[in-house]
Amino acid sequence: MTLKIIIEIASAALILWGFELFNRKSIRGFYVMGVGQFFATLICAYAALWFLAFMHFVNVLMQIRGWMKWKNSVKT
């Protein structure tokens, strides 16, 4: 298998694992989902799927925003 396929499979697995962690109300879901979305961004950019790469990058930013909001709500 090529490195691209391995990263693609890892990305899908991390995104699915992130969803499962979100269902369990775990903050680790943000980390896992963010890494999976970042890998998906790289793969889509490599394959010249620019719109999908941009959308995955937006999802990375949303994971960072969600993590920050969650951390702030736990502190107060």
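Author: L49, F51, L52, F54 and M55 make a nonpolar surface patch of about 510 Å². Patches are made of residues with over 30% relative accessible area and no salt bridge, where nonpolar side chains (Val, Leu, Ile, Met, Phe, Trp, Tyr) are joined within 5 Å and like charges within 9 Å. Accessible areas come from the Shrake-Rupley method with a 1.4 Å probe, and for residues only the protein chains shown count as cover. A salt bridge is a side-chain nitrogen of Lys or Arg within 4 Å of a carboxyl oxygen of Asp or Glu.

Reader: What kind of model is this?

Author: This is a predicted model, in which local features need pLDDT of at least 70 and side-chain atom pairs count only at pLDDT 80 or more, while totals for chains, interfaces and linings use all residues. Residues are numbered from 1 along each chain as its sequence is written, and side-chain values use heavy atoms, with hydrogens and water left out.

Reader: Where is F54 found?

Author: F54 is in helix α3. Helices (H or I, at least four residues) and strands (E, at least two) are DSSP runs, numbered from the N terminus. F54 counts as partly exposed, because its relative accessibility is 49%. Buried means under 20% relative accessible area, exposed over 50%, and partly exposed in between (1.4 Å probe, protein chains only).

Reader: Which residues of α3 are buried, then?

Author: They are A53, H56, V60, Q63 and G66. The cover over the buried residues of α3 includes α1 (3-23) and α2.

Reader: What does H56 touch?

Author: Not counting residues up to four places away in sequence, H56 touches Q37, A40, T41 and C44. Contact means heavy atoms within 4.5 Å. H56 has 19% relative accessibility and therefore counts as buried.

Reader: What span should α3 have?

Author: With 26 residues at 1.5 Å a residue, α3 should span 38 Å, and its end C-alpha atoms are 38 Å apart, which agrees. The expected span is 1.5 Å times one less than the number of residues.

Reader: Now the rings: how many aromatic pairs are there?

Author: A search of the whole structure finds three aromatic pairs. One of them joins F22 and F30 edge-to-face, at 5.0 Å centre to centre and 70° between the planes. Rings of Phe, Tyr and Trp (its six-membered ring) pair if their centres lie within 6.5 Å; planes under 30 degrees apart count as stacked, over 60 as edge-to-face and the rest as tilted.

Reader: Why is the pair of F30 and W70 edge-to-face?

Author: The planes of F30 and W70 are at 90°, with the ring centres 5.5 Å apart, so this pair is edge-to-face. F30 lies in helix α2 (residues 28-46) and W70 in helix α3 (residues 50-75), so the pair ties together parts that are 40 residues apart in sequence. F22, F30 and W70 form one aromatic cluster.

Reader: Is F30 buried or exposed?

Author: F30 counts as buried, at 13% relative accessibility. By contrast, F22 is partly exposed at 22%, and W70 is partly exposed at 27%. Leaving aside neighbours within four places in sequence, F30 is in contact with F22, Q63, G66, W67 and W70.

Reader: How many salt bridges does the count give?

Author: The count comes to one salt bridge. The side chains of E20 and R24 meet in a salt bridge, with 3.0 Å from N to O. E20 is partly exposed at 35% relative accessible area, whereas R24 is exposed at 60%.
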